[in-house]
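Please read it alongside the sequence and the three-dimensional view shown here.

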Amino acid sequence: LTAPNSTNHDAGSFPVTFFVNNTGIETINVSLSYVRLNNNFNMTFSPNTVLNLLAGESRSITATVTFPRGQSGFLSGNVTATESITSDTKSAVFSVLINDTPSLLLQEITSLTYGRQGVVNVTNNGNTVLTNVHLVNSGSVAVSFNPNYSPSFPLSLVVGESKLINVTSTF
């Protein structure tokens, strides 16, 4: 069984490749299945989940693992091939590390203008908890943030969390 060593949390999918062999002298039917050992993912097999293998035939199977973004740790599963008549079963385990990827997205909701406060949306779009995030301004216009996030009061965001921040000019 071949799988990547690691993947990014927002990759969405990766391939797992393995061979199913009929070492016998008769045609067999083989069913493919999987069990999640941790985390949230789905697996689809190509060509199919049921194979008809001639005597001596070997077939390469590519399974596609799909998963939602924001996960961390490992995506691990057990792939099983079961022969339909004898119930002979062979299994193989895969485990793929999800790379830790801290990432912060800042979106302007309302522009800051003279006499009108601005609003920004700060989102943790990575797969790790962000702590100790400091909001600072750049440029010649002094601003304040509400809630009052500062070096004394840093912002923290869990995975997927967003916070709206009001920005007020102090000129």
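## Thr-64 in strand 6

Thr-64 has its place in strand 6, residues 58-66, where a strand is a DSSP run of E of at least two residues, and strands, like helices (H or I, at least four residues), are numbered from the N terminus. The model is a predicted one, in which local features need pLDDT of at least 70 and side-chain atom pairs count only at pLDDT 80 or more, while totals for chains, interfaces and linings use all residues. Residues are numbered from 1 along each chain as its sequence is written, and side-chain values use heavy atoms, with hydrogens and water left out.

With a relative accessible area of 30%, Thr-64 is partly exposed, a class that lies between buried (under 20% relative accessible area) and exposed (over 50%), as computed with a 1.4 Å probe on protein chains only. Not counting residues up to four places away in sequence, Thr-64 touches Ser-13, Phe-14, Asn-42, Met-43 and Thr-44, contact being defined as heavy atoms within 4.5 Å. Ser-13 is 51 residues from Thr-64 in sequence, yet the two C-alpha atoms are 6.6 Å apart in space.

## Pairing around strand 7

Strand 7 (residues 73-83) runs antiparallel to strand 3 (residues 28-36), and seven bridges join the two; strands are taken to pair if DSSP finds at least two bridges between them. Within this pairing, Arg-36 has Gly-77 of strand 7 as its bridge partner.

Strand 7 is also joined to strand 8 (residues 89-99), again antiparallel, by 10 bridges, and Ala-81 stands opposite Lys-90 in strand 8. The hairpin of strand 7 and strand 8 has five residues between the strands, and there Ser-87 takes a positive phi near 60°.

## The largest pocket

The largest pocket has a volume of about 500 Å³. Of its 23 lining residues, Asn-21, Ile-28, Glu-83, Asp-88 and Lys-90 are the closest to its centre, and the elements that give two or more residues to the lining are strand 2 (13-21), strand 3, strand 7 and strand 8. A pocket here is an open set of points on a 1 Å grid over the protein atoms alone, where a 1.4 Å probe fits, with protein on both sides within 12 Å along at least five of seven lines, and lining residues have an atom within 4 Å of a point. The volume is the space filled by probe spheres set on the points, which are joined across faces, edges and corners.

The lining of the largest pocket divides into 11 nonpolar, eight polar and four charged residues, where Ala, Val, Leu, Ile, Met, Phe, Trp, Tyr, Cys and Pro count as nonpolar, Asp, Glu, Lys and Arg as charged, and the others, Gly among them, as polar.

About 360 Å³ of space lies in the second largest pocket, which is lined by 22 residues, with Leu-106, Val-120, Val-136, Phe-145 and Val-167 nearest its centre. Strand 9 (104-110), strand 10 and strand 12 (143-146) each supply at least two lining residues, and the lining comprises 13 nonpolar, eight polar and one charged.

Asn-121 is found in strand 10, residues 118-124, and is buried at a relative accessible area of 13%. Beyond its neighbours within four places in sequence, Asn-121 is in contact with Leu-105, Leu-106, Gln-107, Ile-109, Ser-162, Lys-163 and Leu-164.

## Ser-169 in strand 14

Ser-169 belongs to strand 14, residues 162-169, and counts as buried at 17% relative accessibility. Leaving aside neighbours within four places in sequence, Ser-169 is in contact with Leu-112, Val-141, Ala-142 and Val-143.
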